[in-house]
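I opened a new page for this chain. I wrote down what I looked up, entry by entry.

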Amino acid sequence: VQLQASGGGLVQAGASLRLSCTASSSKYAMAWFRQNSEKEREFVAAASWSGATTYYADSVKGRFTISRDNAKNTAYLEMNNLNPEDTAVYYCAQAKMYGLDLTQATSYTYWGQGTLVTVSS
């Protein structure tokens, strides 16, 4: 499975961005993680295969929304009210089986190349 993330960019605080992650196939949960130079990779959001179940990090709840279009093998991360603390490389990931803790990076087998989001103050 190959994942291709896109949609990052430079925006001002308060702005919105939508990230996309297109997979060669998408039968399992997909998620977004992020990493900046000061922190380890951290969980952002995840969605089950159907998209009916979603999980969010506390830091993004109410601002970010994960969704997916399985007809297009694509997951999205809609990010609103961005702030400088959201600056990071965002990675999409896909699991290889069901029943995993979708907030843990170790649950994901396939990873995209990352897309940089920079939020200026």
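Entry 1. Is N81 buried, partly exposed or exposed? I looked up its relative accessible area and got 49%. Exposed would need over 50% and buried under 20%, so N81 counts as partly exposed. I note here that the model is predicted.

Entry 2. I stayed with N81 and found it in the loop between β8 and β9, where β9 covers 88-95. I then checked its backbone: phi is about 50°, a positive value, although N81 is not a glycine. Most residues other than glycine have a negative phi.

Entry 3. I looked up N73 next. N73 sits in the loop between β7 (64-69) and β8 (74-79). Its phi is positive as well, near 55°, and N73 is not a glycine either. The relative accessibility of N73 is 22%. Buried means under 20%, so N73 is partly exposed.

Entry 4. I turned to the whole chain. I checked the overall dimensions. The C-alpha trace spans about 40 × 25 × 25 Å along its principal axes. A compact globule of 121 residues would have a radius of gyration near 14 Å, and the 13 Å of this chain agrees with that.

Entry 5. I looked up burial and contacts. Of the 121 residues, 40% count as buried. Among contacts between residues at least 6 apart in sequence, 56% join residues at least 24 apart.

Entry 6. I ended with surface and charge. The accessible surface is about 6,200 Å², and 47% of it belongs to carbon and sulfur atoms. The chain has 10 positive and 9 negative charges, and their mean positions are 9 Å apart.

Technical notes: Residues are numbered from 1 along each chain as its sequence is written. This is a predicted model: local features need pLDDT of at least 70, side-chain atom pairs count only at pLDDT 80 or more; totals for chains, interfaces and linings use all residues. Side-chain values use heavy atoms; hydrogens and water are left out. Helices (H or I, at least four residues) and strands (E, at least two) are DSSP runs, numbered from the N terminus. Buried means under 20% relative accessible area, exposed over 50%, partly exposed in between (1.4 Å probe, protein chains only). The radius of gyration is taken over C-alpha atoms; the globule rule is 2.2 Å times the number of residues to the power 0.38. Contact means heavy atoms within 4.5 Å. Accessible areas come from the Shrake-Rupley method with a 1.4 Å probe; for residues, only the protein chains shown count as cover. Lys and Arg count as positive and Asp and Glu as negative; His and the chain ends are not counted. The place of a charge is taken as NZ of Lys, CZ of Arg, CG of Asp or CD of Glu.
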